[in-house]
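Hello,

Here is the structure I promised to pass on to you. Please open it alongside this email, and then read on for what turned up.

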Amino acid sequence: MAQCTVQASEFHLEGDFLIGGLFDIHHVSTPVYQDRPEAIDCISQPFLLPHYRRFQLMRFAVQEINNSTKLLPDVSLGYEIFDHCTDTHTFPGILNLISVNGLIQPWGDPHKQQAHKSNMSKGIAVVGPFTSTQALAVAPLFMVNLIAMVSYGSSSSVFSQKGIFPSFLRTVHPNKEAIEVIVNIVQHFNWRWVAFLNGNEDFGKDGLELFIKRIKDTEICLAYAQRVDDNTNFSQMFKEIEAQKINIIIVFAPKITAEALIKSAIQLNITNKVWIAEDGWALDKRLPKEKGIKNIGTVLGVAQPVVPIPGFSDFIYSSQSQTHCKNAKENMFCNQVCNCSSLSAEDVIAVDPSFSFPVYSAVYAIANALHNVLRCGAGKCNRNITVYPHIVLAELKKSNFTLLNQSIKFDDYGDPKYGSYSIVFWNNSGDAEEIGFYHFLPLVNFFINSTKIQWKSNGEAPTSLCSPECPVGYAKKQNGPHKCCFKCEICLTRTYINSTEDPYSCIDCKETEWSAAGSTSCKLRLVEYIPFTDSGAILIMLGACALMALTLAMSVLFAINYNTPVVRSAGGPMCFLILGCHSLCSLSVFFYFDKPTLSFCIMRFLPFLLFYTVCVACFVVRSFQIVCIFKMAVKFPKVHSWWMKYHGQWLVITVAFVTQALLLLFNYCYATPKPYNETVWYPDKIILGCEINLNVSSASLIVLLSLCSLCFIFSYMGKDLPKNYNEAKAITFCLLLLILTWIIFATVYVLYRGKYIQTIYALAVLSSLYSFLMWYFFPKCYIIIFQPHKNTQQYFQGLIQNYTKTISQ
């Protein structure tokens, strides 16, 4: 069978200026091992029809430009195209391409250089190569002399680094933007648990790195990642994916690798998965029609929009009709060989259209840049301008023209500032049906019509979660290295969960807010205090007013009957001090109501502690005097004489008053009672009260408790005095009532801290005052008013004489 070759003009075209082209018409499918440096024989490698279509697109674009009267009107473009059939080993073709500029002459003989001198400065730029690995391998050779490379398929992020690749531009979007679209698809369907299979080359590795970075602050978890190539054990890989119950598989790999992967999935009976294809194979024409493809699940893809290129089909029909066979001797006229004898025009036209417009726009971008360098216009160009590759590069970076309704521009990184992505679905007819889009400029716009998708899993979009979503009000507690694997714990009282901001933490409510267990927000607490208008407060304040009225009335009554035995036995002038202090103590009651303020908190405690100390001190000395008069006067006459001479009772009262006053002054200077919000006892309420520092105030309380203890001791010692003259018994009973009152209050305070604790506190204060008033002073008043015969000197002397006889016996 005769070998079929292609005319030399398919790879080479003369022109005033030349554009280099690098295309993968063939592809090395197995690693190349060499024992000496030599070029790869591309003809023996598998033929890639989609790349051949792109190769023809460059030829078509150049022909179209040469036929144009507006773009480069009197200048012809030519090309030198090389079959870049391996990623890293076809340097002879690259070096031959660069030699067109006269910059490198690796194989040029001295006597041939002069003959080719006219062609040395024609090369202005290069279109290609396709893969990122190919571009990484050859780009340094072009970067060093600032020869523009306009790639139509190299999308790795590294090429955006202009410090390393200053003359690299591309007409495809970088991987970052493809990954952005993929992540948007995953988020749209609320998929969290995904696998990422990437090619074992620069393109795939870059895609994985970008994906990991992009999902860092999202709810997506990378459950499984694997590099795939010819040596991958697909069976083991799919077992691991199944073991982790992953339903979403992102395949970010070259078309050849993706085809092998999908075919393996069909053979291994992998079912009910969602496959997300990147733009390299999303528009594959063969895979959607592969037998058993429907069993593997649903295939979604991110693809470049198919832009129809007018006139291309006619060009292919014309070009293919000129293909003919030549013998081996005529191969010398071709710089490459193409075993394409069985190809028809229909084969080329019907093949995967991916990356067609990027090739087309790359050629036009170079042509427009040259047009600007030559200052073309009015049907001619300035041929006197010397054109250097770096000048063309400068104009390329400033590109701004419209091509097939697309505004062609490049950003500062050499990446396109135009275009969009289509979101496709492989339907039951074996076609890649467009179901959505992702527009980049002028504003990001993402849309998916989910109703067009025919899900293979029960007709519904599948889920992919490591752990089921937590119920409302529950926080996620990470279980293992992945944030998508978690346990659900209910948020406790006074905390809430905001799943939108942070589904992993229960947030504490503010002090003024509350929440029940399992809440998603906080509510304002109900602020409670006892207002002056409260019925209980009114009754207690009326009680305080009544107490002051009674003390005033008793003081008047005692003043009128000042010289009577009952008044003198009650304490004489000391009665007025006690009654006055009772009235002052009752002032505290009024400050237990309404909103607490600093002054209210001070007045709640200061009058009662200070003046009640005086009252108790009076009863201490009164109890002591009773004991002295009836007992110590007989046994210790000298002590009784000293006490009477120096007015010991007033000395004790004064010392008690001054001591308590100083202690209270110290306490209020260093720990002033202040308003306090009780937020612990009731989660939904704030009880307004006053805070007192017990550590600092303990000295004042100890003084008061000590006086009460002494009073109880002395009064108890006089409990057997005459019945009608027994103030000691009355004082003892009053003290018992006092102790009982505060025991009851302490018990209630331990069990209850609601707003009515202030009412109870005021009631305890009032009860403490009424205990002495009712059980010590009221009986005296009763005798004065209703039993005046007992309020005589003879009656009291008779009682004392009878008691003295009893003691002496």
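**Cores and a helix pair**

Leaving aside residues up to four places away in sequence, Tyr612 touches Cys585, Pro607, Leu704, Leu738, Ser768, Leu769, Ser771 and Phe772 (contact means heavy atoms within 4.5 Å). Please keep in mind that this is a predicted model, where local features need pLDDT of at least 70 and side-chain atom pairs count only at pLDDT 80 or more, while totals for chains, interfaces and linings use all residues. Residues are numbered from 1 along each chain as its sequence is written, and side-chain values use heavy atoms, with hydrogens and water left out.

Tyr612 is also among the residues with the most contacts inside the largest nonpolar core, which has 65 residues. Such a core is a set of buried Ala, Val, Leu, Ile, Met, Phe, Trp, Tyr and Cys residues joined through side-chain atoms within 4.5 Å, where buried means under 20% relative accessible area with a 1.4 Å probe, protein chains only. Helix 16 (598-635) is one of the helices that supply at least two residues of this core, and its share, 15 residues, is the largest. Helices here are DSSP runs (H or I, at least four residues), numbered from the N terminus.

Now for a helix pair. The axes of helix 18 and helix 19 come within 8 Å and cross at roughly 160°; axes are lines fitted to C-alpha atoms over the stretch in contact, with angles from 0 to 180 degrees between N-to-C directions. Helix 18 is therefore roughly antiparallel to helix 19, a word used for angles over 145 degrees. Residues in their contact include Leu663 of helix 18 and Leu704 of helix 19.

Best wishes

Note on methods: Buried < 20%, exposed > 50% of the residue type's maximum accessible area, 1.4 Å probe, protein only. Parallel < 35°, antiparallel > 145°, perpendicular 65-115°, else oblique.
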